[in-house]
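Here are a few exercises to work through with the model open beside you. Try each task yourself before reading its solution.

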Amino acid sequence: MSLVSIKSLTRVFDVSKPWLNRVIERLPKRFLTAVSDVSFEIEERSVYALVGESGSGKSTIGKMVVGLLKPSQGTVQIDGVDLMRASDAEIDRIRSDIQMIFQDPFASLNPRWRVRDIIVEPVAARGGKTEGLAEKLLEQVGLSPLDAGKFPHEFSGGQRQRICVARALASEPKLIVCDEPTSALDVSVQAQVLNLMSDLRDEFGLTYLFISHDLTVVQHMADRIGVLYLGRLVEEAAPGDLFDAPLHPYTRMLIEAAPKMDGYGREVVPPTGEIPDPINPPNGCAYHPRCPLAIRRCSAERPVLEQTGTRRVACFRAGELV
Amino acid sequence: MNTPVLQLDALSVEIPTRHGVLKPVDAVSWDIAKGEILGVVGESGAGKSMTGNAVIGLLDRPARISGGQVLLNGKRIDNLTPAEMRKVRGRQIGMVFQDPLTSLNPLLTIGDQLSETIDAHLHLGRAAARQRAIAALDEVGIPAAKDRIDSYPFEFSGGMRQRVVIALALCAEPSLVIADEPTTALDVSVQAQIIALLKRICRDRGAAVMLVTHDMGVIAETADRVAVMYAGRLAEIGPVAQVLGAPRHPYTHGLMGATPLASKGRSRLAQIPGAMPRLAALPKGCAFHPRCPKAQNRCTVDPRPTVADGAGRVACWFPMGAP
């Protein structure tokens, strides 16, 4: 059964200049479509990863899934509850099932709070019992129960991220949205945090929405991967399929361009072009100006995400590549 | 025999503090030959950027070089006066930093910045310097360089800005380029472009490159040799295939195990227990011994200086893969 079900999710930001400038300079309103018609489902107890480069909309989707941002269109359903249409009581009930871990463990912990207060806050805010909870959770994430009385500045980056994990676990959530959880960490510390997250998933039956730009990390963690480009889901597949035989030219380019540990002296033909301006995205397929396979149809018509076997891909020419 | 472009001979940097003297760089030695790319890896606090800053004489006070020598094309540069050093920097050593936005002046057009640098070092005069600047932008792959030379840095994307910074670093044709995390702020596809550019230019010009990064993948694809640093000391140095493929120092071995790899599948990542020690509380002996699976009594007493090992050097009493 799927725990999270996202249907035609779209988010548009108004990035216009202030109204006075618009009047004086005769500028029109400007809109940035950060997420455009994205649909996917996350199975219970699985890890769904969103990958993409900057501006692909992965963090915006994460924020909409936890309810920090309202979608412009489309729905987010978690455990059968539609975050936009459900009653307050229902949303209140579902809230504690969703938690988030952020990228920067230095910015996401209140420097004036003790670790104990930080960790139990999600429970205390709902009037739950918090006695001994922080100590128990600290032990579960590999820190000492004695750390509960300390302040965040007394910890290293990796330890802080463990505190964030402990806080996320406090309300016994079903779904944890992790937005680049290890991007700010060193390799050896990243390994510790990734292992911890895998262990906790097995232990508590957690579901993760894992957002990252790092393909190797995603490949290591995910059960299913969605590739985003300019706010659109271009391909979705299991990691084995995706990395062995990427169908979308963008996925192929990403995998090819990522540095390989065993690629000594590998000569990469660097990809051409850069991510286009999201305010004026190209017509048709957003990737067509950079795509080596583009045909006329790609610039006229936007390809839809179509099911082929166990995977989905949005490319007119994907069938020819299988 | 050819003189290496850069020679570090037991270079040490110290920072005097109220709580004692810290050694962020401790007796580091290596050479970089003409046309060679030396990758310097390590985690945060390993001293890799500090080493780069020491070479170019840009240490923030109170940090200072406390021992050893830096030789550029056989001449000592660590004891130059600031005025003499300014002539070396930019002319003989080019620099590329992590954040391309902060390394460019936002108030000057890139053309002004390039011609100023070219004129200052090569004394060509403004018109010739401008021609040179356009050629430099062309070389780093900026489309329509002639039209874009009068643009300001904010008019460029991150990847294009980093190209401008590379053009700036290379415009005086230095013999050494120090690139400190040049691709860390960039997206994967742009990173691939910048790496290919760095490799091509260095090959064409025969410049030596010291590439500082924490990304083992970037090192594997770019560097000829790699130096692994830990807590200010050189742990291991050697040809990239040897160091990454068959690491000898337990720290390198641990780093490789901790990196997610396609070939490892979903298996658990090998962890290095503990964390990098703080400089103020470095363990006695080998700095890695509290986290090392192979540590023995000897390691806790005195650190081993780097010794020749195959085509490289390693600083370990009990290297991996030894009988």
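Predicted model: local features only at pLDDT ≥ 70, side-chain atom pairs only at ≥ 80, totals over all residues.

Residues are numbered from 1 along each chain as its sequence is written, while chains are lettered from A and ligands numbered from 1 in the order in which they are written.

**Exercise 1.** Compare the radius of gyration of chain B with that of a compact globule.

*Solution.* Start with the rule: 2.2 Å times the number of residues to the power 0.38, with the radius taken over C-alpha atoms. Next, look at the extents: the C-alpha trace spans about 65 × 50 × 45 Å along its principal axes. Finally, 47% of the residues in chain B are buried (20 or more other C-beta atoms within 10 Å of the residue's own; exposed means 12 or fewer, partly exposed in between; C-beta atoms are placed from the backbone).

**Exercise 2.** Describe how α4(A) and α6(A) pack.

*Solution.* Two packed helices are described by the angle between their axes and the distance between the axes. Take α4 (residues 115–124) and α6 (residues 157–170) of chain A: their axes come within 7 Å and cross at roughly 30°. Angles under 35 degrees count as roughly parallel, and α4(A) and α6(A) are therefore roughly parallel to each other. Then list the residues that meet: among them are Val115(A) and Ile118(A) in α4(A), and Ile163(A) and Ala166(A) in α6(A). By class, this contact has 9 nonpolar residues, no polar ones and 2 charged (nonpolar: Ala, Val, Leu, Ile, Met, Phe, Trp, Tyr, Cys and Pro; charged: Asp, Glu, Lys and Arg; polar: the others, Gly among them).

**Exercise 3.** Which element gives the most to the side of chain A that touches chain B?

*Solution.* Begin with the count: 33 residues of chain A are in contact with 35 residues of chain B (C-beta atoms, placed from the backbone, within 7 Å). α7(A) gives the most to this side of chain A, with 7 residues. The side divides into 16 nonpolar, 11 polar and 6 charged residues.

**Exercise 4.** Why does Thr300(B) count as partly exposed?

*Solution.* Count its C-beta neighbours inside 10 Å: there are 14, so Thr300(B) is partly exposed. Leaving aside neighbours within four places in sequence, Thr300(B) is in contact with Lys284(B), Gly285(B) and His289(B).

Terms used. Contact = placed C-beta atoms within 7 Å. Helix = DSSP H or I, 4+ residues; strand = E, 2+ residues; numbered from the N terminus. Axes fitted to C-alpha atoms, helices over the stretch in contact; angles between N-to-C directions. Parallel < 35°, antiparallel > 145°, perpendicular 65-115°, else oblique.
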